[in-house]
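I opened my notebook to look up ring pairs and strand pairing. My notes follow.

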Amino acid sequence: RDDVRDKTDPEMFVTRAREGDPSGERGFNARADDDGDGLVDEDRLDGRDNDGDGAIDEDFAAVSHDMSVWDLSLDHRSHHLEAYHWSYPYLSGFLAAVFEASGDPSQESLSLSTAGDPWRQADEFCLLVTDLATGPLFVTSLADPRRSDQTIWLGIAVLDDQLRRNASERVRTAGTSLTVPLLAETQALAIAAGPTRLRVMNDLAAASRLRAGVTDPVSHQRVAWLPAPLPPVTEANLPAATIRPDGTGGFTLLLERSLTATLHFDPDLFYLDGEPLGTATRLT
């Protein structure tokens, strides 16, 4: 990794890091104050001497197993993007990003347009997962470009607990178009893709909890972007299934899942006599 800004293009800086890198220790690590000046993470990874100590990027927060950084300064405006991805199987289904802009951030926005179904707010059909999230979730589906007979689900989450109460202001949808205005200087988002709607929503909820981080019960210090321990899989938190005949020769499959149930249990992937049951019609 090259910590020095490219002299041939001083406005642009691109690099990668990973949690635990030298100068990027963070969290509850005893070496979190990488340069020993009494401050933590005061020199973000952008190729600049932000704390004025003569060193470049010597004390930043290296987040996730694969952290990508893009920084641009141009015409009295600056943009800084950090993207995070974890290799743990239960956290590998999403990409988290923190975007910062100075100058006139209200002019910036993230826009996504798809060729599939309209974007829908997840609260419309699944309260279980949205209750676990810290911000609004939106999902859509489209045909898999590699296999037209299969569906890909896409989801986006705003990772801020204050934004959930005014989701329509912070995320605007119009059919297959979705826009996230940058109304503050910093915006944190998660984007997920997967084979089922529930899988994507679970991934986005996991991203929301990861953004909240972990709190030390002794010092009460909270560190963001640290995964909490997984709850043990016990008989008490395994889903319970009930089949109810509907009187016409068919049946309704009712699955009851607790808030601590394993996320590896996905009813959208169930098969009956070799045929997929399809997406659940209602998740409560």
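**Aromatic rings**

I searched the whole structure, a predicted model, and got five aromatic pairs. I took Y84 and W225 to begin with. Their rings sit edge-to-face, 5.2 Å centre to centre, with 70° between the planes. I then looked up where the two residues lie. Y84 is in strand β3, and W225 is in the loop between β13 (222–223) and β14 (240–245). They are 141 residues apart, so the pair links distant parts of the chain.

Are Y84 and W225 buried or exposed? Buried means under 20% relative accessible area. Y84 has 3%, so I noted it as buried. W225 has 6%, so I noted W225 as buried too.

I went on to W86 and F94. Their ring centres are 6.1 Å apart and their planes meet at 45°, so I wrote the pair down as tilted. W86 is buried at 1% relative accessibility. F94 is buried, with a relative accessible area of 1%. Ring pairs link Y84, W86, F94 and W225 into a cluster.

The order is β5-β10-β9, with antiparallel pairing. Why does one side of β5 and of β9 lack a neighbour in the sheet? Both stand at the edges, each with a single partner strand. The twist averages 15° from one strand to the next.

Key:
Residues numbered from 1 in each chain as written. Predicted model: local features only at pLDDT ≥ 70, side-chain atom pairs only at ≥ 80, totals over all residues. Heavy atoms only, no water. Pairing = 2+ DSSP bridges. Helix = DSSP H or I, 4+ residues; strand = E, 2+ residues; numbered from the N terminus. Axes fitted to C-alpha atoms, helices over the stretch in contact; angles between N-to-C directions. Phe/Tyr/Trp six-rings, centres within 6.5 Å; stacked < 30°, edge-to-face > 60°. Buried < 20%, exposed > 50% of the residue type's maximum accessible area, 1.4 Å probe, protein only.
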